Amino acid sequence: MFNKQHTVYAIFFAIDNNAIVEIGKLGTFLFPKGNYIYVGSAKRNMQSRIQRHIQVEKRKRWHIDYIRPYGEITHIQTYSPELSECARAQQLFQQYNGQWIVKKFGSSDCRCPSHLIYYKQ
């Protein structure tokens, strides 16, 4: 299903109604209705990681787990490691004219503003 050489993924999803969600230790945030991209990486077992992200009911481990019940996944894209997770997030942010609406979402272990991109279609 997924290219075994790929290590970075982007989950595209839509939230149909404004949602106020507590995201673990990050805090509580308003997620406006609209389109989102979550960028992550998995050096191994990417298919398992993505399958976990697709599930709605699960123990909350990653930031995406908290918002997943509020969004409908529209598609998932995987990428070769030529761009890191951070560089891919920045590239998609620019490509989709995105906004960072939750600082450090999915990026608590790097210097990126966020790995969650909000964009309008």
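The following dialogue asks how some terms apply to this predicted model.

Guide: Residues are numbered from 1 along each chain as its sequence is written. In this predicted model local features need pLDDT of at least 70, side-chain atom pairs count only at pLDDT 80 or more, totals for chains, interfaces and linings use all residues, and side-chain values use heavy atoms, without hydrogens and water.

Visitor: Why are Tyr9 and Tyr38 called a tilted aromatic pair?

Guide: Rings of Phe, Tyr and Trp (its six-membered ring) pair if their centres lie within 6.5 Å; planes under 30 degrees apart are stacked, over 60 edge-to-face, the rest tilted. Tyr9 and Tyr38 are 6.5 Å apart centre to centre with 50 degrees between the planes, so the pair counts as tilted.

Visitor: What makes Tyr9 count as buried?

Guide: Buried means under 20% relative accessible area, exposed over 50%, partly exposed in between (1.4 Å probe, protein chains only). Tyr9 has 1% relative accessibility, so Tyr9 is buried. Tyr38 is at 4% and therefore also counts as buried.

Visitor: How do you know that β1 pairs with β4?

Guide: Strands are DSSP runs of E, at least two residues, numbered from the N terminus. Two of them pair if DSSP finds at least two bridges between them. Eight bridges join β1 to β4, so these antiparallel strands pair.

Visitor: Why do β5 and β6 stand at the edges?

Guide: The open sheet has the order β5-β1-β4-β6, with antiparallel pairing. β5 (71–79) and β6 (116–119) each have a single partner strand, so one side of each lacks a neighbour in the sheet.

Conventions
Helix = DSSP H or I, 4+ residues; strand = E, 2+ residues; numbered from the N terminus.
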